[in-house]
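Good morning, and thank you for joining.

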Amino acid sequence: MISAPHRPSWDDYFMAIAMLVATRSTCDRLHAGSVLVKDKRIISTGYNGSPPGLPHCDDEGHLLEEGHCVRTVHGEHNAILQAAAQGGTSTRGSTMYAKYSPCIHCCKYLVAAGIVRVVIGRIYRNTQAVDYLKSAGLQVDLYRENPAWKQELARLFTEEIPTKSAPPVEFTVTPSGGR
Ligand SMILES: [Zn+2]
Ligand SMILES: [Zn+2]
């Protein structure tokens, strides 16, 4: 008998997904990730990366302009663009979970896309984003880390989860293609 695992709150759940999304970033200047959520459902996700088909910083180096890498589309921006490209659900009235506080440009896009709440995992550089989003009437919340959930996540990714006994299955591992 295993003890019942900790059940995450919605904020815990979506922020953990934003952290996971960030691991796909291809610019090591900042591994940002975000999740766009509406009615407790994920509309889209985004990480810092080049537009599809264009070279990545990880492969070609950064593309610097005035001290900033401009090769990538930021995670927050990418989430909005993915929602647009996929179609389906309007971003109006949605909530964004972002691993770091968005840059000022992404803040503008969040406001323009009709996003009403932003949950920030960690303040990056300064609180300009928070002030800007609040001035536009958005609800901004700083994510409060939940130690029990953090522990559960660590367990989830390091321990094998016991399952009911079943006959062993041979899997054929095929390498995933592309970046
Ligand atoms: Zn870069
Ligand atoms: Zn940005």
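**Overall organisation**

Of the contacts in the chain with a separation of 6 or more, 54% are between residues 24 or more positions apart, a contact being two residues whose C-beta atoms, placed from the backbone, lie within 7 Å. This is a predicted model, in which local features need pLDDT of at least 70 and side-chain atom pairs count only at pLDDT 80 or more, while totals for chains, interfaces and linings use all residues. Residues are numbered from 1 along each chain as its sequence is written, and chains are lettered from A and ligands numbered from 1 in the order in which they are written.

As to confidence, the chain has a mean pLDDT of 90, with 93% of its residues at 70 or more; pLDDT is the predictor's confidence in each residue, from 0 to 100. Among the elements, the lowest mean, 87, belongs to strand β4 (residues 68-69), and the highest, 98, to strand β1 (residues 33-38).

The chain contains six helices and seven strands. These are DSSP runs numbered from the N terminus, helices being H or I of at least four residues and strands E of at least two. Along the sequence, their order is α-β-β-α-β-β-α-β-α-β-α-β-α. Taken along the principal axes, the C-alpha atoms fill a box of roughly 55 × 40 × 35 Å. Of the 179 residues, 30% are buried, where buried requires 20 or more other C-beta atoms within 10 Å of the residue's own, exposed 12 or fewer, and partly exposed anything in between, with C-beta atoms placed from the backbone.

Let us turn to one helix pair. Which residues of α3 meet α4? They are Glu76, His77 and Ile80, and their partners in α4 are Cys106, Tyr109 and Leu110.

Finally, some individual residues. Most residues other than glycine have a negative phi. Asp39, not a glycine, has a positive phi of about 50°. Asp39 lies in the loop between β1 and β2 (41-47), and is exposed because 9 other C-beta atoms lie within 10 Å. Arg125 likewise has a positive phi, about 65°, and sits in the loop between β6 (117-122) and α5 (128-135).
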